[in-house]
Amino acid sequence: MPNQQHLTPSDECNHNIVSNFYKALASRDAATVHRLLAPNIEWWFHGPPSCNRLMRLLTGCSTNRDHDDSFVFDPISIVSTGSVVLAEGCFPVGCEVSWVHAWTVTDGVITQVREYFNTSVTVTRFAKSDSVCVGSRGVDKCQCVWQSKLTDHASVPGLLLAV
């Protein structure tokens with residue numbers, strides 16, 4: 001897992017873009033949010049439809065019934081691994097609802113988001129390498145680079161995200 005103290009310049013730039021996105025979202029700075037998101041952003045959501053809060057917030061497609069101004073995306077951690085930046089948080093303070101966002105940053109703009117609610121997420125990098133000792137001989141190897149920490153992995157669905 002990349003250590004945030006030893007980021008490559010590209011990782012640091014991608015980390016800052018996602019961090020600035022959350023700051024703009026919290027301050028309701030729509031101009032910055034629009035500048036940081038590609039107009040044709042690819043969106044993938046995993047969770048109950050009622051928890052699809054980020055899309056509803058960004059598109060304005062919320063009704064009074066499902067709109068909750070008290071819900072804030074305030075990441076507890078943001079980790080950059082190449083073009084993928086992972087953010088994790090929960091709401092409220094007791095972590096009744098946990099969320100993970102996997103952002104893809106391309107040329108300084110967020111081009112993809114994978115949003116997970118109350119789901120254990122493990123991010124894995126696949127590589128053909130003798131230095132990673134997972135799997136059988138002659139089979140492509142994989143390396144865990146990040147795993148969500150705010151979920152009870154035994155009681156929620158688990159997903160593997162390959163990067």
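These legends go with a handful of close-up views of a predicted model.

**View 1. The five-strand sheet, laid out strand by strand.** Here we have an open sheet of 5 strands, running in the order E1-E5-E4-E3-E2, with mixed pairing. The edges belong to E1 and strand E2 (77-81); each has a single partner strand, so one side of each has no neighbour in the sheet. On average, neighbouring strands are turned by 20 degrees against each other, direction ignored. Strands of a sheet pair through backbone hydrogen bonds, in either the parallel or the antiparallel sense.

**View 2. Helix H1 lying on the sheet.** H1 packs on the sheet and touches E1, E2, strand E3 (84-91), E4 and E5. The direction of H1 makes about 145 degrees with that of E2. Helix H1 covers residues 9-26.

**View 3. E1 alongside E5.** This pairing is parallel and runs over 6 bridges. Two spots are handy for finding your way along E5: Leu 37 stands opposite Ile 110, and Glu 42 stands opposite Gln 112. The strands themselves span residues 37-46 for E1 and residues 109-117 for E5.

**View 4. Gln 112 and its surroundings.** Gln 112 sits in strand E5 and, with 13% relative accessibility, it counts as buried. The side chains of Gln 112 and Glu 42 are joined by a polar contact of 3.0 Å. So what else is in contact with Gln 112, leaving aside neighbours within four places in sequence? Besides Glu 42, the contacts of Gln 112 are Ile 41, Ala 102, Trp 103 and Thr 104.

**View 5. The E4-E5 hairpin and its turn.** E4 and E5 pair in the antiparallel sense over 8 bridges, and Val 100 stands opposite Tyr 116 in E5. Together the two strands make a hairpin with 2 residues between them. One to look for is Asp 107, found in the loop between E4 and E5, where its phi is near 50 degrees, a positive value in a residue other than glycine. Most residues other than glycine have a negative phi. Asp 107 is also exposed, at a relative accessible area of 76%.

View 6. Arg 28 is found in the loop between H1 and helix H2 (30-36). Phi of Arg 28 is near 60 degrees, another positive value in a residue other than glycine. With 54% relative accessibility, Arg 28 counts as exposed.

View 7. A search of the whole structure turns up 7 aromatic pairs. In one of them, Tyr 22 and Trp 99 form a tilted pair, 5.9 Å centre to centre with 35 degrees between the planes. The pair links distant parts of the chain: Tyr 22 comes from helix H1 and Trp 99 from strand E4 (residues 97-106), 77 residues apart. Are these two residues buried or exposed? Both Tyr 22 and Trp 99 are buried. They belong to one aromatic cluster along with Phe 21, Phe 73 and Trp 103.

**View 8. Phe 45 and Phe 117, an aromatic pair between strands.** Phe 45 and Phe 117 form a tilted pair too, with 6.1 Å centre to centre and 45 degrees between the planes. Phe 45 is in strand E1 and Phe 117 in strand E5, so to speak distant parts of the chain, 72 residues apart. Phe 117 has 2% relative accessibility and therefore counts as buried.

How values were computed:
Residues numbered from 1 in each chain as written. Predicted model: local features only at pLDDT ≥ 70, side-chain atom pairs only at ≥ 80, totals over all residues. Heavy atoms only, no water. Phe/Tyr/Trp six-rings, centres within 6.5 Å; stacked < 30°, edge-to-face > 60°. Helix = DSSP H or I, 4+ residues; strand = E, 2+ residues; numbered from the N terminus. Buried < 20%, exposed > 50% of the residue type's maximum accessible area, 1.4 Å probe, protein only. Pairing = 2+ DSSP bridges. Axes fitted to C-alpha atoms, helices over the stretch in contact; angles between N-to-C directions. Contact = heavy atoms within 4.5 Å. Polar contact = N/O pair within 3.5 Å; in protein donor to acceptor, adjacent residues only side chain to side chain.
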